Amino acid sequence: MGLKRGDCDDGGLVLAVEVEALPKAPGEIFSFGLAGSQGLNESAFGSAAGTCGLRQGTVHESSNEAVSNGCGLRADREDKQLAPVIRKGSRLALHLSAEAEDGTRACHFFVDRKPAATFAGIKGQSWVAGVTLCTGARVKITPPDGVEFWDPAPAEAAHARLSNAREAQKQAQATDEAA
């Protein structure tokens with residue numbers, strides 16, 4: 001279920017929601033995230049192609065993660081771990097940044113107004129931000145607040161880290177080809 005759709009010519013996209021209900025639904029996943037203009041049809045954000053986001057199984061809270069499938073790379077850490085647990089009453093927000101000089105964007109996710117994950121190297125102009133709801137789950141769209149508008153300095157650091165990782169990958173490939 002897409003909640004906000006828009007072109008990002010104006011510099012970015014922000015969406016915040018409050019989880020009103022999150023019942024245990026065996027085998028189901030709750031997710032919050034970003035998809036390209038094609039949207040999200042059947043799967044969770046981070047599972048479907050061209051998406052990134054936060055997802056969590058509804059029975060075991062420890063089965064939560066921040067993942068991407070062709071929508072940037074995780075820039076704040078090397079693994080999929082999502083430290084904050086999403087519960088009833090949690091506030092979730094995302095901020096898709098303006099384009100950087102290299103034509104890419106970063107998407108910053110927040111859980112309860114604290115940074116939770118950052119994906120960098122995102123390309124494209126049209127996006128859908130939203131939630132996939134498990135059986136009985138409900139969210140309420142809320143206005144974003146100051147912390148969720150994100151300071152651009154960490155975004156620049158995320159872009160730099162991604163550029164460094166790409167350069168290291170190119171050097172490793174060149175070394176392998178030379179051997």
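Modeller: Before we start, a residue counts as buried when its relative accessible area is under 20%. Keep in mind too that this is a predicted model.

Colleague: Thanks! With that cut-off, is Cys 134 buried or exposed?

Modeller: The cut-off for buried is under 20% relative accessible area. Cys 134 has 4% relative accessibility, so Cys 134 counts as buried.

Colleague: How many disulfides does the count come to?

Modeller: A disulfide needs two cysteine sulfur atoms within 2.5 Å. For Cys 71, the closest cysteine sulfur belongs to Cys 52, and it lies 3.7 Å away, which is too far for a bond. Over the chain, the number of disulfides by this rule is zero.

Colleague: What share of the chain's residues counts as buried?

Modeller: The chain has 179 residues. Its accessible surface comes to about 9,100 Å², and carbon and sulfur atoms account for 50% of that surface. The share of residues that count as buried is 44%.

Colleague: Now the fold, please. How many helices and strands does the chain have?

Modeller: Along the sequence the pattern reads β-β-β-β-β-β-β-β-β-β-β-α. In words, that gives one helix and eleven strands.

Colleague: Which strands are the edge strands of the open sheet of six strands?

Modeller: The pairing in this open sheet is antiparallel, and the order is E6-E9-E8-E7-E2-E11. An edge strand here pairs on one side only. The two that do so are E6 (73-74) and E11.

Colleague: Over how many bridges do E2 and E11 pair?

Modeller: Strand E2 covers residues 13-21, and its pairing with E11 is antiparallel. Within these strands, Ala 21 stands opposite Arg 138 in E11. The number of bridges between E2 and E11 is five.

Colleague: Which element has the lowest mean pLDDT?

Modeller: The chain averages a pLDDT of 82, and 82% of the residues score at least 70. Among the elements, strand E11 (residues 138-142) has the highest mean, 95. At the other end, with a mean of 42, is strand E1 (residues 2-7).

Colleague: How many contacts does the stretch of residues 1-10 have beyond near neighbours in sequence?

Modeller: Over residues 1-10 the pLDDT is below 50. Where pLDDT is low, the predicted coordinates should not be read in detail. With that caution, the number of contacts in the model is 33.

Methods
Residues are numbered from 1 along each chain as its sequence is written. This is a predicted model: local features need pLDDT of at least 70, side-chain atom pairs count only at pLDDT 80 or more; totals for chains, interfaces and linings use all residues. Side-chain values use heavy atoms; hydrogens and water are left out. pLDDT is the predictor's confidence in each residue, from 0 to 100. Helices (H or I, at least four residues) and strands (E, at least two) are DSSP runs, numbered from the N terminus. Contact means heavy atoms within 4.5 Å. Two strands pair if DSSP finds at least two bridges between them. Buried means under 20% relative accessible area, exposed over 50%, partly exposed in between (1.4 Å probe, protein chains only). Accessible areas come from the Shrake-Rupley method with a 1.4 Å probe; for residues, only the protein chains shown count as cover.
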